[in-house]
Amino acid sequence: MNINSNFEGGNIVCLNCEQADDIQLEIKKDNNSDFFQWFYFRLTGAQGQSCKMKIVNAKDAAYADGWPDYQAVASYDKDFWFRVPTKYEDGVVQIDHQPEFNSVYYAYFAPYSTERVSELVGWALDDPKVHLKVLGQTLDGQDLDQLIIGEPKEGKKKIWVHARQHPGETMASWWMEGFIHRLLDDDDALARRLLEKAVFYVVPNMNPDGSRRGHLRTNACGANLNREWLEPTMERSPEVYLLREQMQQIGVNFCLDVHGDEALPYNFIAGSQGVPCWNETLNDINDRFGYAMMKVNPDFQMTHGYPQDEPGKADLSMCSNWVSEEFKCVAITLEMPFKDTADTPQPVQGWSPERSIKLGASFVDALYEIIDDI
């Protein structure tokens, strides 16, 4: 048997794999950081054997309360990802699986590679409504790509959408794929109408360095991008600095920041109710957006989520809070689960790439509900 994670997004240390029923593993920390929870590795040579893979440092992970009721994903072809029995006991995550083939991949959630992001960008650029802007380069020297969808004109709304500030939250990229594909569907009447009313500034992957390195939450130097929005620098968080600079040049009418949550088995939104500028108008738009999402996609709900910040107590280093306060607009964080959805479970795959894509497509319906009021 052999375990390997020496590929893009890979993360695991194999301590021992001499016996299939006692494979000992550790997850590596993000560079210059104590964050870790994302794992992604390949097991070969174990076909037909009952494997017990034990992540022995799980209790020290960034969100250890996310391990109970969690099930890892596995794939033979890196296309279809299914859940495998997983338990958390005595600080150890144990994955139990008998592979049907001599090569199988395991991950915290279905990976979404930077190569697939490049393919999505290339596909979108085939549409004359789309223009590419390279905002700049990351600390590892990768391009930070932005798709500008629609023709900027006087009076059109400016909608900003970005994903993967936290690179291990790969469901955000799957969501982005669904959203972009639907927005560019010329046969979709709602998409056409939105593009008459708005221009979209879309960053499919805010953290390509962390994505390649197999990080959970940080960029190349260990910065949590979603805590850098108040005072970003090119030396520490160029990804945020460059996007924020462009926002200030162009303006923002609505912003959606797409994420995943380790612990809560729900899709939900977190608004910016704690920013000083928050008022009844912004609150009404925020809630109407959420209920519209729930109406068009029952995988989304408005009952469970994060506690609201008290008035004036929002952390302005976070994207949605900073954007909302800076531009006096609605800015929303969308969260998806690493687990299955408790209200609408699909046991074979749990929350999956396919369901993330569908939720991304539903954003078009929900945005259409509020577009005239933002």
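In which strand is Glu335 found? Glu335 lies in strand 17, residues 330-337, where strands (E, at least two residues) and helices (H or I, at least four) are DSSP runs numbered from the N terminus. The structure is a predicted model, in which local features need pLDDT of at least 70, side-chain atom pairs count only at pLDDT 80 or more, and totals for chains, interfaces and linings use all residues. Residues are numbered from 1 along each chain as its sequence is written, and side-chain values use heavy atoms, with hydrogens and water left out.

View 1. An unreviewed UniProt entry assigns the annotation "active site" to Glu335; UniProt positions follow the numbering used here, feature names are shortened, and annotations may be inferred rather than shown by experiment. Glu335 counts as buried because its relative accessibility is 6% (buried, under 20% relative accessible area; exposed, over 50%; partly exposed, in between; 1.4 Å probe, protein chains only). Leaving aside residues up to four places away in sequence, Glu335 touches His259, Gly260, Asp261, Tyr266, Asn267, Phe268 and Tyr306, contact meaning heavy atoms within 4.5 Å.

**View 2. Packing of helix 5 and helix 7.** Helix 5 (residues 238-250) and helix 7 (residues 319-327) pack at an angle of about 20 degrees, and their axes are 12 Å apart. Helix 5 is therefore roughly parallel to helix 7 (angles under 35 degrees; over 145, roughly antiparallel; 65 to 115, roughly perpendicular; the rest, oblique). Axes are lines fitted to C-alpha atoms, for helices over the stretch in contact, and angles run from 0 to 180 degrees between N-to-C directions. Arg244, Met247 and Gln248 of helix 5 meet Trp322, Val323, Glu326 and Phe327 of helix 7.

**View 3. Positive phi at Lys78 and Arg164.** Most residues other than glycine have a negative phi. At Lys78, phi is positive, near 60 degrees; this residue belongs to the loop between strand 6 (73-75) and strand 7 (82-83). Arg164, likewise not a glycine, has a positive phi of about 65 degrees and sits in the loop between strand 13 (157-163) and helix 2 (171-183). Lys78 is partly exposed, at 44% relative accessibility, whereas Arg164 is buried, at 2% relative accessible area.

**View 4. The annotated span 108-374.** From an unreviewed UniProt entry comes the feature "domain: Peptidase M14" for residues 108-374. The end C-alpha atoms of this span lie 36 Å apart, and its content is 36% helix and 18% strand.
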